Amino acid sequence: MPLHAATHPLIAHKMNILRDTKTSTADFRRVLREITFYLGYEASRDLKTVPETVVTPMSQEFTGAKIGERIAIIPILRAGLGMCDAMLELFPKAAVHHIGMYRTKDSLIPVQYYNRLPRGQACDVAYVVDPCIATSNTIHAVVNILKRWGAKRVVVISAIGARPGVDRLLEQHPDVEVHIGAVDDVLSETGMILPGIGDAGDRQFGTHHDQDPSVLPAEPVSPVAAKRKRADDDPIVTGDSIADALGIDCAMNARVTPRDR
């Protein structure tokens with residue numbers, strides 16, 4: 001079953017804390033990390049193991065098991081950062097490859113502004129972490145990028161999603177597993193989950209939803225410029241791949257306001 005929606009009462013309790021507008025930034029970060037740990041634990045249930053022999057403190061050999069697959073954690077910046085540490089607690093030796101995405105304010109088209117997937121070092125299992133699946137445009141684009149990179153299996157871990165976005169993601173990627181804390185029925189016209197948890201990035205990092213970030217360029221690099229700048233790199237890191245992934249024309253050179261999904 002590609003969709004695994006949590007039913008555990010502890011996760012339901014913690015999800016209610018995330019939903020509460022009175023929850024502080026510190027508590028929001030803490031609870032999101034706890035939820036991620038539980039979801040990540042369940043998401044790792046099907047990992048393959050290989051035999052490993054160790055010597056116990058009683059000087060006895062014992063043949064047990066160890067994880068036999070190469071694991072990568074893919075946090076989608078910036079909101080996915082708050083889920084990364086919990087995944088590293090589960091997989092301390094996993095590689096971490098960041099992908100930076102934001103949505104244009106009006107069209108909700110995702111724009112990639114950062115990508116650290118190393119060429120020729122694809123993994124067996126890629127765990128994509130992002131607190132929210134709203135329209136699913138961003139997750140959809142990232143999954144396509146990971147498949148082109150060479151990831152053999154992609155697993156998405158999110159705290160919450162909107163039913164239309166989750167259904168669309170599974171329709172487009174039936175081979176991808178989604179582990180999620182809760183699924184709400186409504187997606188607003190502005191691409192927000194209702195009733196939802198608000199903007200997960202703003203709530204984690206104490207920024208206000210109506211502020212325009214100044215750390216990202218107001219005019220992202222166009223696909224053509226990106227190709228010139230990284231002519232020797234794989235095409236998966238250029239804006240073209242996102243347009244291809246979504247079947248749309250990403251206006252990468254338009255002046256936009258960064259958003260976190």
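In this predicted model, Leu18 touches Phe28, Val31, Leu32, Ile35, Ala159, Ile197 and Arg203, when residues up to four places away in sequence are not counted. Apart from it lies another core, made up of 28 residues, among which are Ala72, Ile74, Ile99 and Val176. Leu18 itself, together with Met15, Tyr127, Ile157 and Ile197, is one of the residues with the most contacts inside the largest nonpolar core, which has 32 residues.

Of its 7 residues, 7 are buried, so β4 is largely enclosed by the rest of the structure. In a regular strand the side chains alternate between the two faces of the sheet. In β4 both faces are covered, with Ile71, Ile73, Pro75 and Leu77 buried on one side and Ala72, Ile74 and Ile76 buried on the other.

The pairing of β4 with other strands is parallel in each of the following cases. With β8, the pairing extends over 5 bridges, and here Pro75 stands opposite Val129. With strand β6 (residues 99-103), β4 is joined by 2 bridges, and the bridge partner of Ile76 in β6 is Ile99. With strand β5 (residues 95-96), the pairing likewise comprises 2 bridges, and Ala72 stands opposite Ala95 in that strand. Between β4 and β5 the chain crosses through α3, and this β-α-β crossover is right-handed.

Aromatic rings were also considered, and the count comes to 3 aromatic pairs. In one of them, the ring centres of Phe37 and Tyr38 are 6.2 Å apart and the planes stand at 80 degrees, so the pair is edge-to-face. Phe37 counts as partly exposed, at 29% relative accessibility, and Tyr38 is likewise partly exposed, with a relative accessible area of 32%. In another, the rings of Tyr102 and Tyr113 have centres 5.7 Å apart and planes at 35 degrees, so this pair is tilted. Because Tyr102 lies in strand β6 and Tyr113 in strand β7 (residues 110-115), the pair ties together parts that are 11 residues apart in sequence. Tyr102 is buried, with a relative accessible area of 2%, whereas Tyr113 counts as partly exposed at 32% relative accessibility.

Note on methods:
Residues are numbered from 1 along each chain as its sequence is written. This is a predicted model: local features need pLDDT of at least 70, side-chain atom pairs count only at pLDDT 80 or more; totals for chains, interfaces and linings use all residues. Side-chain values use heavy atoms; hydrogens and water are left out. A nonpolar core is a set of buried Ala, Val, Leu, Ile, Met, Phe, Trp, Tyr and Cys residues joined through side-chain atoms within 4.5 Å. Buried means under 20% relative accessible area, exposed over 50%, partly exposed in between (1.4 Å probe, protein chains only). Contact means heavy atoms within 4.5 Å. Helices (H or I, at least four residues) and strands (E, at least two) are DSSP runs, numbered from the N terminus. Two strands pair if DSSP finds at least two bridges between them. A crossover is right-handed if, with the strands pointing away from the viewer, the path from the first strand over the helix to the second runs clockwise. Rings of Phe, Tyr and Trp (its six-membered ring) pair if their centres lie within 6.5 Å; planes under 30 degrees apart count as stacked, over 60 as edge-to-face and the rest as tilted.
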